[in-house]
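Please look through the sequence and the fold shown here before reading on.

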Amino acid sequence: MTRIDDTFARLAETGGKAFVAYMMGCDPDFDRSLEIMRGLPDAGVDIIELGMPFTDPMADGATIQAAGQRALAAGGSVSRVLEMVRAFRADNNSTPIVLMGYYNPIYAREGGVPRFLADAAEAGVDGLIVVDLPPEEDAELCLPAREVGLNFIRLATPTTDDRRLPAVVKNTSGFVYYVSVTGITGGPAANAAEVAPEVARIRASANLPVVVGFGISTPEAARAVASVADGCVVGSAIVRLIGEGRPVPEILSFVAELSAGAHSA
């Protein structure tokens with residue numbers, strides 16, 4: 001079992017819901033990003049989703065695109081993000097970390113997939129979300145990742161119908177990430193009433209926790225969405241504060257409000 005599996009097992013014992021916080025690695029620079037990351041668990045974050053900066057993030061809106069550009073300008077890379085994970089693990093060996101990104105920086109990195117997976121496992125990564133590798137390409141990264149003990153988390157969307165869903169969840173582990181809206185990050189607000197039947201449909205097919213992201217930016221929205229799922233993800237709302245240069249305590253205070261909303265569901 002990974003830290004992700006352990007987290008959901010612990011939450012299930014009490015009926016609790018998971019709060020997942022997304023941040024871009026190395027945004028706006030390595031040191032400040034690591035400071036924020038280290039503060040997330042005390043702010044109530046159950047799982048950290050850490051972005052790997054990339055020049056062409058097709059699933060992300062303007063806020064996270066800008067975060068990636070800031071990170072790249074500061075020397076951010078897959079290797080630097082893994083250094084962040086190692087530094088975080090020096091003080092925290094319990095909070096799950098999921099790397100989120102795209103296949104190109106993994107494939108093009110020296111040593112390719114085998115070295116990336118070895119480095120990620122050694123650094124203390126628990127799972128991967130790679131949004132541009134469909135199930136038809138599971139042999140590229142998904143299956144090798146699972147062989148080294150990493151969860152491979154797949155996204156389902158409002159357009160994932162009953163014919164497509166079995167393929168999407170077949171090799172998924174850890175949890176299923178349900179994208180609540182059609183579009184990119186930072187888009188329209190999620191509607192809990194519309195999300196609920198989709199979560200039930202995915203649970204029935206996957207037998208895995210379902211965590212909902214996209215379109216969640218307030219404690220109230222986090223509570224509403226978490227109440228119909230196994231947890232929720234907030235990304236753009238947090239990244240926006242980082243991009244505005246807000247003080248780290250202010251950012252973490254906002255994260256704590258979001259987590260309190262999700263945990264009250």
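The paragraphs below go from the sheet to a helix on it and then to a few side chains.

This is a predicted model, in which local features need pLDDT of at least 70 and side-chain atom pairs count only at pLDDT 80 or more, while totals for chains, interfaces and linings use all residues. Residues are numbered from 1 along each chain as its sequence is written, and side-chain values use heavy atoms, with hydrogens and water left out.

Between β3 (residues 97-101) and β4 (residues 127-130) the parallel pairing runs over four bridges, and Val 98 has Gly 127 in β4 as its bridge partner.

Asn 171 is found in the loop between α8 (165-169) and β7 (176-179). With a relative accessible area of 16%, Asn 171 is buried, a term for values under 20%, whereas exposed means over 50% and partly exposed lies in between (1.4 Å probe, protein chains only). Leaving aside neighbours within four places in sequence, Asn 171 has contacts that include Asp 138 and Phe 152. In helix α5 (residues 103-108), Tyr 103 counts as buried at 12% relative accessibility, while Tyr 107, four residues away, is exposed at 56%.

Methods: Helices (H or I, at least four residues) and strands (E, at least two) are DSSP runs, numbered from the N terminus. Contact means heavy atoms within 4.5 Å. Two strands pair if DSSP finds at least two bridges between them.
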